[in-house]
Structure formats: C-alpha cells, structure tokens
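Welcome, and thank you for taking a look at this protein with me. Please keep the sequence and the 3D view side by side as we go.

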Amino acid sequence: MNDNGHPLDRRRLLAGAAAASAVTLTGLAVASTTGAAAAAPARPGSPLITRDRIATAALRAPDGSAPAVAVQADFHARLTAWLAFWSANSPRAWSAPVHVVARVEPAGDALVLHAIRHRRDDELHAGFAAARRDVAHLATLASLHHHFPSVRVRPDGTVRVGDGTAGFTGASEQVAFAVAACRQLWGDAAATAARWPEHAGRVLARAGQPADPASHVGWAAFTRTSLRRGLGTESYE
C-alpha cells in the first residue's frame, strides 16, 4: 500500500539515474583536508579520485565548507547508488537531496554522516539529522545497511559508513539495527537480539515479501521495506 501516492515508476527512474550519475543532491559534507585525504593510500584496485560532489551534488562539511576531497572510486559509486535509493523512496513532496553533510575519512573508504537535507516548498528541511533519533533516522540507517556492510551509529547520532559489498554479515551493528527497526518502525516490542530473524521474518511476510531476513535477499528486502516504512512512503498495512 502506498499511502503517499509515491509511484514505483519514480523509484525505478531515480534508481536508474544513480547508475547514470544523474542524482541531484547537494552536499556530502567532508571535513578532512584535501591534502591529508590525497596522501592516504588507496586499496588495490580502488584508486582515489578527487571530488567536490557526488553526481550533481556538491559536498558539504559539518562546518559548512565545501572542500574537494579524495575518495575511493568504488566507494564514490556506492554512495551515488545509496543516495539515489534513499531519494527514490522518500516522500513525493521532497526534492532529491540538496545537502548531504558528512566527513570523509582520510583513506577515502568511509564517511561519517551528519545530515541529509532536501527542499520542500522552497525551503530546506532535514530528512535525516544525526541528533534527531526519530523514524527517519532509522529509515536512513536501513538505506545504508541496504548498500554497505559496515554501518555504525556513534553516540552523537552520526553514522559511520564503511565501504564494501552489501549483505548481512551478523555484525552486532546489523543485529542492533534489526531489533530497533522491528520495535520502533514495525511496532514489535518483543523483538530481541537472540530472536530478531523471527520478528523480521514476520515483517517481510506482512510486506508480502517472505524470506529469511539473514539471507542476502531477505536482508535487502528487510532494509528496503524498513526504509519505506520509516520515511512514510509505504505503510504495509
């Protein structure tokens, strides 16, 4: 069920735009200096590239500056795909992100996310803000877990994201997210770390996508439905 009238065609279009590097966002905030990032060694097969934007989006640091930074090429591509995914599953009234505030780490293969801002009614609004522990925070975590294997919430609510192939690994951060999503997004207060697959499995059945949530397909479905549930574009009622 799509209570907000958010068409699936828009999701496909924006997801496709990611592959074509046509997502509109304006800011992945980066606080490391260009020189320090450029000096960091790249992993074999993943060269560092210098960018001041992702797709058509300008990068922004937490202090509001917009330095060009060095980022590993494969990580940059995954960030582009992730943001397209987040945008495609956001409410129809939201523009594609216009600011993403984050800090890229010197090695260029991780970032710390502070905020995602979109435009609505000609004003900027935070679709995700680190200090605001609401359902949109959990929804954004879902989108990151959908695309990256390492997603860690820090005490201040910022999120450290590490590069790599997405999928369920059994990491404590993934389990903690799954329990929180079951409880806070899906209303299942009985969800626990020991039995989260049972609870998440019920979520997938409810969404019409039965699967083992600890499998590759099931984890992708659980994070995708949790993103839509948290941003209010699907209710699954």
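Let's begin with strand β4, where Val69 and Val71 point one way, Ala70 and Gln72 point the other way, and all are buried. A general rule is at work here: in a regular strand the side chains alternate between the two faces of the sheet. The model you are viewing is a predicted one. Strand β1, residues 48-51, is joined to β4 by 4 bridges, and the two run antiparallel. To find your place in this pairing, look for Ile49, which stands opposite Val71 in β4.

Is Leu59 buried or exposed? Its relative accessible area is 4%, under the 20% limit, so Leu59 counts as buried. Along the chain Leu59 and Val100 are 41 residues apart, yet their C-alpha atoms are separated by 6.9 Å.

Now step back for a view of the whole chain. The protein chain has 7 helices and 9 strands. Of its 237 residues, 51% are buried. Among contacts with a separation of 6 or more, 61% are between residues 24 or more positions apart.

Next, let's go inside. The largest nonpolar core has 50 residues, and those touching the most other members are Trp82, Leu113 and Phe222. Helix α5, residues 172-185, gives the largest share of this core, with 8 residues. Pick out Phe222 and look around it: leaving out residues up to four places away in sequence, Phe222 touches Phe177, Ala178, Ala181, Cys182, Trp186, Ala200, Val203 and Leu204.

Some of those names lead us on to helix α6, residues 196-206, where Trp196, His199, Ala200, Gly201, Val203 and Leu204 are buried. As a general point, an α-helix has 3.6 residues a turn, so residues three or four places apart point the same way. What covers the buried residues of α6? The cover includes α5 and α7 (216-231). Just after α6 comes Gly208, with a positive phi of about 75°.

Setting aside neighbours within four places in sequence, His145 is in contact with Val151, Glu173, Gln174, Phe177, Trp219 and Thr223.

Strand β8 (residues 150-153) and strand β9 (residues 159-162) run antiparallel and are joined by 4 bridges. The bridge partner of Val151 in β9 is Val161. Between the two strands of the hairpin there are 5 residues, and Gly157 in the turn has a positive phi of about 95°.

Follow the chain past β9 and you come to Thr169, in the loop between β9 and α5. Thr169 counts as exposed because its relative accessibility is 54%, over the 50% limit. Thr169 and His216 are 47 residues apart in sequence, and 9.3 Å lies between their C-alpha atoms.

Where is there empty space? In general, rolling a probe the size of a water molecule over the atoms shows where empty space is left. Here the largest pocket holds about 250 Å³ of space. Its lining has 14 residues, and those nearest its centre are Arg133, Leu138, Leu141, Val153 and Ala180. The elements that give two or more residues to this lining are α4 (135-147), β8 and α5. Helix α5 gives the most, with 5 residues. Sorted by class, the lining has 7 nonpolar, 3 polar and 4 charged residues.

Most residues other than glycine have a negative phi. Asp121, although not a glycine, has a positive phi of about 55°. You will find Asp121 in the loop between β6 (110-120) and β7 (123-129). At 66% relative accessibility, Asp121 counts as exposed. Tyr236 is also a residue other than glycine with a positive phi, near 60°. Tyr236 lies in the segment after α7, and at 9% relative accessibility Tyr236 counts as buried.

Technical notes: Residues numbered from 1 in each chain as written. Predicted model: local features only at pLDDT ≥ 70, side-chain atom pairs only at ≥ 80, totals over all residues. Heavy atoms only, no water. Core = buried A, V, L, I, M, F, W, Y, C linked by side-chain atoms within 4.5 Å. Buried < 20%, exposed > 50% of the residue type's maximum accessible area, 1.4 Å probe, protein only. Contact = heavy atoms within 4.5 Å. Pairing = 2+ DSSP bridges. 1 Å grid on protein atoms, 1.4 Å probe; cavity = no way out; pocket = protein on both sides within 12 Å on 5 of 7 lines; lining within 4 Å. Points joined across faces, edges and corners; volume = space filled by probe spheres on them. Nonpolar A, V, L, I, M, F, W, Y, C, P; charged D, E, K, R; others polar.
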